[in-house]
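Please read the points below with the sequence and the coordinates open beside you. They follow the order in which I would go through the model.

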Amino acid sequence: MLAADAIAKQRKLAARVRIEKSPPLESVQWIAGTDASITRDNQFLIGVITLFSWPDLRHHDSYIAKVAVEFPYIPGLLSFRELPVLLEAAKQLVHEPDIVIVDGHGIAHPRRFGLASHLGVETGWRTIGCAKGRLVGKCGDPGDEKGKAADCSHNGERIGIVLRSRKGVKPVWVSPGHRMDFEGAAWWVNRTATRYRLPEPVHVAHHEASRIRKAFVENHLK
């Protein structure tokens with residue numbers, strides 16, 4: 001797929017993104033986190049989806065996939081690179097997640113269709129984008145205390161929230177992916193970021209992806 005075709009597809013699919021109120025707490029049983037990592041030779045992607053029970057936030061299992069890289073790294077088009085491996089990992093899930101927190105952006109994207117939105121539209125899941133850096137727009141100052149937040153906007157439109165998920169560390173950039181609203185997205189990220197900057201499901205997914213990538217490299221060096 002050419003970059004121009006991917007951009008056109010983003011614009012078309014972005015119309016399917018729905019901003020909905022967060023579900024009632026008592027209806028949530030499973031929260032997932034995602035991460036994707038590329039091997040050092042740039043040939044394969046490792047995708048991990050973790051599954052945590054709610055409200056105890058206990059790690060139930062991790063689902064892992066590996067696929068060949070088929071799309072180049074192009075800023076703003078990351079979902080076309082990483083989505084295939086996450087969809088492959090999703091096939092293994094034994095419980096349907098009620099909320100999925102994605103290591104990436106939702107609508108805080110030039111075309112309002114980042115990885116979290118793309119994953120949500122493709123699967124129907126309620127998704128939240130939780131990124132480690134800002135992609136587009138301007139944000140206010142969230143303050144220094146955990147849970148403090150400020151809005152982010154782009155071209156006069158609210159696109160996300162910059163959130164201090166842990167005191168004394170760099171904030172995270174949160175946005176609705178699909179079937180989620182702004183306040184709900186920030187609440188779930190803040191509530192699940194219990195020990196680290198990233199929410200626990202995403203932190204564990206990132207750790208797993210890094211471990212597998214390291215093992216992949218070591219096996220190929222033998």
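Which are the buried residues of helix 2?

1. Basis of the note. This is a predicted model, in which local features need pLDDT of at least 70 and side-chain atom pairs count only at pLDDT 80 or more, whereas totals for chains, interfaces and linings use all residues. Residues are numbered from 1 along each chain as its sequence is written, and side-chain values use heavy atoms, with hydrogens and water left out.

2. The buried residues of helix 2. Ser-79, Phe-80, Arg-81, Glu-82, Leu-83, Val-85, Leu-86, Ala-89 and Ala-90 are the buried residues of this helix, where buried means under 20% relative accessible area, exposed over 50% and partly exposed in between, with a 1.4 Å probe and protein chains only. Helices (H or I, at least four residues) and strands (E, at least two) are DSSP runs, numbered from the N terminus. The buried residues of helix 2 pack against helix 1 (3-14), strand 1 (30-38), strand 2 (44-53), strand 3 (58-68) and helix 3 (115-123), contact being defined as heavy atoms within 4.5 Å.

3. The geometry of helix 2. Helix 2 covers residues 78-90, 13 residues in all, and its first and last C-alpha atoms lie 18 Å apart, close to the 18 Å expected at 1.5 Å a residue; the expected span is 1.5 Å times one less than the number of residues. At Pro-84 helix 2 bends by about 25 degrees, the bend being the angle between axes fitted to the seven residues ending at a residue and the seven starting there.

4. The largest pocket. Its volume is about 560 Å³, and of its 29 lining residues the closest to the centre are Tyr-73, Leu-78, Glu-82, Asp-103 and Gly-104. Strand 1, helix 2 and helix 5 (200-221) are the elements that give two or more residues to this lining. On a 1 Å grid over the protein atoms alone, a pocket is an open set of points with protein on both sides within 12 Å along at least five of seven lines, a cavity is a set where a 1.4 Å probe fits but cannot get out, and lining residues have an atom within 4 Å of a point. Grid points are joined across faces, edges and corners, and a volume is the space filled by probe spheres set on the points. By class, the lining of the largest pocket has 11 nonpolar, 11 polar and 7 charged residues, with Ala, Val, Leu, Ile, Met, Phe, Trp, Tyr, Cys and Pro counted as nonpolar, Asp, Glu, Lys and Arg as charged, and the others, Gly among them, as polar.

5. The second largest pocket. This pocket holds about 250 Å³ of space, and among its 15 lining residues Glu-70, Phe-71, Phe-80, Arg-81 and Pro-84 lie nearest its centre. Two or more residues of the lining come from each of strand 3, helix 2 and helix 3, and helix 2 gives the most, with 6 residues. The lining divides into 9 nonpolar, 2 polar and 4 charged residues.

6. The cavity. How many cavities of 30 Å³ or more does the rule count? The count comes to 1 cavity, and the largest cavity contains about 50 Å³ of space. Its lining includes His-105, Arg-134, Cys-139, Cys-152 and Trp-173, and the lining residues divide into 9 nonpolar, 2 polar and 1 charged. Strand 8 (157-163) and strand 9 (172-178) each supply at least two residues of this lining, with strand 8 giving the most, 3 residues.

7. Backbone points to check. Most residues other than glycine have a negative phi, and most peptide bonds are trans. Trp-54 and Pro-55 are joined by a cis peptide bond with omega of about 15 degrees, and Pro-55 lies in the loop between strand 2 and strand 3. Asn-42, in the loop between strand 1 and strand 2, has a positive phi near 60 degrees and counts as partly exposed because its relative accessibility is 45%. Arg-112, in the loop between strand 4 (99-102) and helix 3, also has a positive phi, of about 60 degrees, but counts as buried because its relative accessible area is 14%.

8. Two buried positions. Ile-31 is found in strand 1 and is buried, with a relative accessible area of 0%; leaving out residues up to four places away in sequence, Ile-31 touches Thr-50, Leu-51, Phe-52, Trp-54, Ile-99, Ile-101, Trp-188, Thr-192 and Pro-201.
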